[in-house]
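Please read them with the structure open.

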Amino acid sequence: MAGVQVAILMGSSSDWEVMQQAARQLQDFGVGHEARAISAHRTPDLLDEYVRDAERRGVKCFIAGAGGAAHLAGVIAAKTTLPVLGVPMPSKHLQGLDSLLSIVQMPKGIPVATFAIGDAGAANAALFAVAMFAVTDAELAKRLAAFRAKQAEAVKATRLPGLA
Ligand code: RP5
């Protein structure tokens, strides 16, 4: 899918190590995306401009990763009706539980789809975006089915080591 379909945002460049899992997954599926560090509290005006511009450019969903009092996904969701997929970052003091609760506990009316803390959440947010696009894109649906089949084969081929 050409053009930027998915905007990956994160509150800080320190989130990139985790959030690149989302970018990698989208790249593997050939889904156009871009990634930016924009903070809801440090650069609120820039976030506002970015979301408006992304909508104008035809972006179809946002993946937002943030940690601590993680309001990035919720603020994006407040500014757009496009789907927002939130990824809680592991945090120093509370290991990401703060991020998870901040993102998942959106009050009624402004939804944010929330994924697992860390790498799995970032990758799964991208896979979820792929699944959404695959509803109307047969080629992408085929690639997603092949990805699942390959994953299943890897599990079936697993042989556990003997007793230590
Ligand atoms: C959040 O604060 C960011 O999303 C990040 O997870 C966390 C720490 O940011 P830095 O202090 O590393 O910039 O806003």
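1. Which polar backbone atom is 3.1 Å from an oxygen atom of the ligand? One that belongs to Gly67. Keep in mind that this is a predicted model.

2. Ser14 has a side-chain N or O atom 2.7 Å from a ligand oxygen. For Arg42, the side-chain N or O atom is 2.9 Å from an oxygen of the ligand. On its own the ligand has 360 Å² of accessible area, and the protein covers 67% of that.

3. The ligand sits in the largest pocket. Around the ligand are Gly11, Ser12, Ser14, Asp15, His41, Arg42, Ala66 and Gly67. Sorted by class, this shell holds five polar residues, two charged and one nonpolar.

4. Now the helix. H6 runs over residues 138-156, 19 residues in total. From first C-alpha to last, H6 reaches 27 Å. That is close to the 27 Å expected at 1.5 Å a residue.

5. Check the start of H6 as well. There, a side-chain oxygen of Asp137 comes within 3.2 Å of the backbone nitrogen of Glu139.

Technical notes
Residues numbered from 1 in each chain as written. Predicted model: local features only at pLDDT ≥ 70, side-chain atom pairs only at ≥ 80, totals over all residues. Heavy atoms only, no water. Near = heavy atom within 4 Å. Polar contact = N/O pair within 3.5 Å; in protein donor to acceptor, adjacent residues only side chain to side chain. Areas by Shrake-Rupley, 256 points an atom, 1.4 Å probe, with all protein chains shown as cover. 1 Å grid on protein atoms, 1.4 Å probe; cavity = no way out; pocket = protein on both sides within 12 Å on 5 of 7 lines; lining within 4 Å. Sits in = over half its atoms within 2 Å of the grid points. Nonpolar A, V, L, I, M, F, W, Y, C, P; charged D, E, K, R; others polar. Helix = DSSP H or I, 4+ residues; strand = E, 2+ residues; numbered from the N terminus. Expected span 1.5 Å × (residues − 1).
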